[in-house]
Amino acid sequence: MPCPEQELTRILSLFEDGVVRSTTSDVLIHVYGSAIRQVYAQLFYGDNYPSESAMVELKSSTLPIELLQRLEQGCMQEASKHIGLYQTEPIIHFLEQQLNNNRLLACFSEVSKVKALVGQPPVRRTLVIFIMFQSIL
């Protein structure tokens with residue numbers, strides 16, 4: 001069963017500014033966190049919806065693909081928590097929460113690089129300084 005009219009009506013009333021398109025087979029919603037943290041979420045409803053999860057596809061011109069893939073996984077987990085119930089509202093609220101509460105999403109790539117560097121063993125700079133000091137004396 002595609003997305004019921006009741007859910008479409010509720011989506012239009014809750015997210016009226018962000019709804020770009022809504023049909024019984026899919027919904028496209030613009031989720032806005034800031035000028036940089038914004039995402040278009042497209043939810044696809046299968047024939048057995050809401051007995052099966054809605055499929056989520058995220059697009060953004062400002063956020064990296066790796067981050068969008070992680071957010072999609074989080075959305076799918078959120079949808080699986082609501083099997084048998086309407087899933088659009090919890091998914092969009094999850095996205096809004098992630099965009100608004102994680103201020104460093106805009107620099108996700110840089111933060112990932114810093115985490116990788118922090119995870120590496122420390123560089124032994126003291127030995128180099130000691131050798132340089134010994135050569136001066």
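Trainee: What share of the chain is buried?
Mentor: This is a predicted model, with local features needing pLDDT of at least 70, side-chain atom pairs pLDDT 80 or more, and totals for chains, interfaces and linings using all residues. Residues are numbered from 1 along each chain as its sequence is written, and side-chain values use heavy atoms, leaving out hydrogens and water. The chain has 137 residues, and the buried ones (under 20% relative accessible area, 1.4 Å probe, protein chains only) come to 34%.

Trainee: In what order do the elements run?
Mentor: You'll find 5 helices (DSSP H or I, at least four residues) and 4 strands (E, at least two). Reading from the N terminus, the order is α-β-β-β-β-α-α-α-α.

Trainee: Which members of the largest nonpolar core touch the most other members, and which elements give two or more residues to it?
Mentor: That core (buried nonpolar side chains joined through atoms within 4.5 Å) holds 29 residues, and Ile29, Tyr45, Leu58, Ile92 and Leu95 touch the most other members. Two or more residues come from each of α1 (5-14), β2 (26-32), β3 (38-44), β4 (55-59), α2 and α3 (88-101).

Trainee: What percentage of the contacts in the chain link residues 24 or more positions apart?
Mentor: Contact here is heavy atoms within 4.5 Å. Take the contacts with a separation of 6 or more, and residues 24 or more positions apart account for 47%.

Definitions and conventions
Buried means under 20% relative accessible area, exposed over 50%, partly exposed in between (1.4 Å probe, protein chains only).
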